[in-house]
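Me: I have a structure with two chains to read. Please show me how to go about the interface.

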Amino acid sequence: MKKVFLTFFLISVVIFVGIAGMTPKKGGTMVIAYWGDPISFNPDAKIDDAGSGIYGCIFSRLVALDADYNVIPDLAKSWEVSKDGLTYTFHLRKGVKWQDGQPFTAADVVWTFEQIMSHKEAPAHAHFARVKSIEAPNDYTVVIKMKKPYSPFLGFLAWYGTYIMPKHLYDITKGGSPVDWLNNPHNQKPIGTGPFEFVKWVKGAYVMLKKNPDYFLGEPYLDRIVFKEIPDQNTALQTFLNGGADYDENTNVAQLGILKKTPHVVVYTKPSPSRYYLAFNVGRRKSPFHNKKVRFAVAYALNRKDIFDKAIKYGKVAEGFYTPAVSWAYNPNAKIPVHNIQLAKKLLDEAGYPVKSNGIRFKATLVYFQGQVWSDMATIIKEQLAQIGIKVKLEEYEIATYIQKVLKAGDFDLTLLDGFQGPDPDNLTLRVGTGKDINVMGYSNPEVDKLLSEGSQVFDIKERAKYYFKVQTILSQDLPIYPIAEVINRYVYKDYVEDLPYKLVGVVAYNNYAKTWLNK
Amino acid sequence: MENMIKYILRRIVSIAIMIFLVMTANFFIIHAAPGDPVTVMTGLEQPSKEIVKALDEKYGLDKPIVVQYFKYIENLSRGDLGYSYVYDEPCWDLIKERIFPTLIITITSSVLAFGIGLYLAIFVSHLGKKYGESIVSLLSYILYATPSFWLALIMILVFSSRLKLFPTSGMLNLRYSYSGIREIIDFIHHLVLPVSTLTLIQIPVFYRITKTSIVQNQREDYTITLTAIGVSKERLFKKYIIKNAIIPPLTIFGIMLGFSITGAVLIEIVFAWPGMGRLMLDAVFRRDYQLLLGIYFLMALFISVAMLVTDILIAFLDPRVRLT
């Protein structure tokens with residue numbers, strides 16, 4: 001009896017301590033070692049990857065993405081989509097205030113989206129192409145009507161360049177003519193509805209934010225957040241280890257081994273909807289890879305497990321033709337060819353590329369951009385292709401030249417790419433659709449185009465999946481790309497940092513630190 | 001004196017012409033580099049052709065390069081350094097924020113390196129051929145051959161990671177927002193490592209030039225004559241040799257001050273210091289043409305003026321030099 005009682009007592013203590021320990025503490029400053037400098041604090045006007053990690057603290061969206069890429073409520077507490085997919089009705093939260101005290105209303109939403117639609121250079125502009133009208137029947141309702149159904153709309157609305165901006169500060173005139181949102185003084189001193197208010201931005205050094213006590217999801221726990229720009233990853237690591245930062249957002253995979261062994265440091269990794277792949281020149285300038293047999297020969301010759309182990313190290317070897325991170329759209333049956341040197345050689349013979357007297361079948365260029373991972377991958381690919389008699393010439397460029405050469409001119413045989421493929425499989429359109437923006441291969445298959453277009457007009461997820469499954473099957477037969485590996489997101493922070501957004505799936509957006517606190 | 005004023009006026013005219021030529025050359029060289037600001041901005045994730053076209057039109061990048069050039073020169077002649085495509089701000093606003101952080105590390109370290117290098121050279125030469133010289137010379141060779149970014153990282157590892165004496169990076173402790181005198185102390189605390197690294201890297205330059213110059217002067221005819229008429233070694237060294245030997249390091253010092261506005265890219269990157277060097281490097285990678293040109297303009301101006309000032313200063317110090 002005594003034993004039972006003691007056990008019961010001990011369990012109670014453990015539970016009590018556990019709960020007490022997890023009650024969030026208020027206060028403190030969280031310093032994030034950050035990789036880049038935003039270009040401005042207008043979150044919707046331009047593509048700005050460094051800024052997009054910070055905007056989520058200051059601004060809110062209608063709907064947001066959590067760290068698992070689910071669409072969650074933000075300024076809209078609920079929404080409905082009509083059966084025909086043509087009308088979206090958003091019900092806004094009441095009592096939300098801008099950080100300058102002005103009330104937030106549906107008029108702000110309508111104004112923001114109108115700006116996106118009238119600015120062609122806005123990153124979200126293309127996603128609004130099928131929008132017919134945006135109306136606010138009252139202060140707390142927004143109705144968006146579409147010309148054609150577009151099922152990825154909600155996902156893109158939650159993703160990039162769709163933060164709601166304050167109409168009362170941006171809808172201004174100077175000397176009688178309206179001021180473009182790129183020239184508004186508030187781009188340097190933003191006012192949002194988010195959990196943190198802007199304090200100071202010293203360009204190239206840091207962005208300092210303080211909590212917004214009136215935040216609609218509750219007062220944030222942290223007093224301040226500082227995004228400290230540290231461009232060099234070694235310095236970022238030392239600053240983090242020496243206590244100059246609590247969260248290191250500028251790590252590289254080579255550091256993860258050491259970091260995992262460091263006491264009081266948490267290293268967490270999770271799949272990201274981004275992947276490394278080799279792209280063939282299928283229809284740009286003249287190239288042996290226009291021939292499908294040659295592409296298959298390369299796929300048989302390459303050993304992506306080897307490339308992964310030696311060059312990439314963290315993440316997963318790719319198995320299929322879309323990111324498994326968006327699991328409902330991933331087709332596990334569309335497989336990448338398995339390593340088989342003999343078959344590769346046979347295919348090249350058949351394709352009319354016999355081994356010449358110098359032991360070489362043909363020469364090809366592999367163009368890639370600067371960076372350790374890329375140059376390691378390229379070197380291994382070069383070696384693996386040498387085994388079947390393809391002599392690869394490596395060409396490394398900094399990003400501006402790379403874009404010029406690969407994206408604009410199509411002057412390559414092989415190239416390496418990665419990049420975000422979410423939040424919706426409609427993103428595949430950009431990468432494999434005829435003439436689309438990241439289709440560097442010059443790949444064109446009318447059936448793929450048709451499936452992608454039809455898939456974007458279906459709302460039932462199970463039905464939709466069928467279209468993307470089919471696309472992946474066709475890609476595995478046409479092989480315009482050779483997927484290599486799935487990328488992972490890494491989170492490196494001190495063990496006293498609790499409840500980072502990635503842990504709060506379904507609760508906050510992936511870049512919203514409202515619920516993060518310091519346990520010390 | 002009248003000659004001097006005429007000389008200065010002539011130099012100012014030639015500086016203006018030179019800067020114009022330099023800016024013209026820069027303009028075309030920068031635009032000849034592959035890639036352009038808009039495609040870098042749109043990147044690889046969302047390079048929509050529509051966005052590219054809209055931005056090209058917005059910034060006038062769709063116009064012929066010669067038209068862009070005349071537009072640029074026209075703006076420049078009105079004192080307008082141009083407009084950054086990336087940041088959507090006037091270049092001068094971006095540049096002026098970097099001037100103080102840049103000059104504080106570059107000028108401080110140049111002055112320190114000049115003083116220390118000069119002192120070491122005089123000290124070693126005065127001492128005669130003893131161990132001192134070999135040790136100092138060896139150290140100076142080692143430092144001279146040390147890559148600055150590597151030295152910077154070692155300084156961080158030793159003095160902040162190991163000894164915990166100085167902060168690792170940045171300009172201020174952002175966890176505690178100090179103000180007043182505490183802020184100044186905090187700033188100086190952050191300044192120590194980058195300035196020491198830059199000073200260490202520059203000392204060998206001044207040391208070696210001064211030392212060579214002293215050795216040359218010791219072999220000059222006037223030295224032999226003065227020794228022959230019985231001037232003491234001490235007096236000869238202090239009164240004559242040093243005075244003559246200081247001219248070459250002073251010239252180099254002037255040039256270095258001219259370059260100080262460009263910052264120290266590698267040091268700024270390693271210490272996360274928000275200086276001009278990083279702004280320039282970012283502008284290169286992002287092909288932010290006008291920002292880059294603005295920085296080059298300032299650089300050309302600074303160097304020309306520094307050289308002019310150095311020449312005038314040397315003319316005062318060395319009566320043999322005539323400015324004509």
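Reply: Begin with charged pairs: a salt bridge is a side-chain nitrogen of Lys or Arg within 4 Å of a carboxyl oxygen of Asp or Glu. Between chain B and chain A the count is 7 salt bridges. One salt bridge joins the side chains of A:Glu229 and B:Arg278, at 3.2 Å from N to O. This is a predicted model, where local features need pLDDT of at least 70, side-chain atom pairs count only at pLDDT 80 or more, and totals for chains, interfaces and linings use all residues. Residues are numbered from 1 along each chain as its sequence is written, chains are lettered from A and ligands numbered from 1 in the order in which they are written, and side-chain values use heavy atoms, with hydrogens and water left out.

Me: Which helix of chain B gives the most to the side that touches chain A?

Reply: Helices (H or I, at least four residues) are DSSP runs, numbered from the N terminus. Helix 3 of chain B gives the most to that side, with 6 residues.

Me: How many residues are in contact?

Reply: Contact means heavy atoms within 4.5 Å. By that rule, 49 residues of chain B are in contact with 58 residues of chain A.

Me: How is the size of an interface given?

Reply: Often as the accessible area lost when the parts come together. Buried area is that loss (1.4 Å probe), summed over both parts. Chain B and chain A bury about 4,600 Å² between them, and 55% of this area is on carbon and sulfur atoms.

Notes:
Buried area is the accessible area (1.4 Å probe) that two parts lose on being put together, summed over both. Helices (H or I, at least four residues) and strands (E, at least two) are DSSP runs, numbered from the N terminus.
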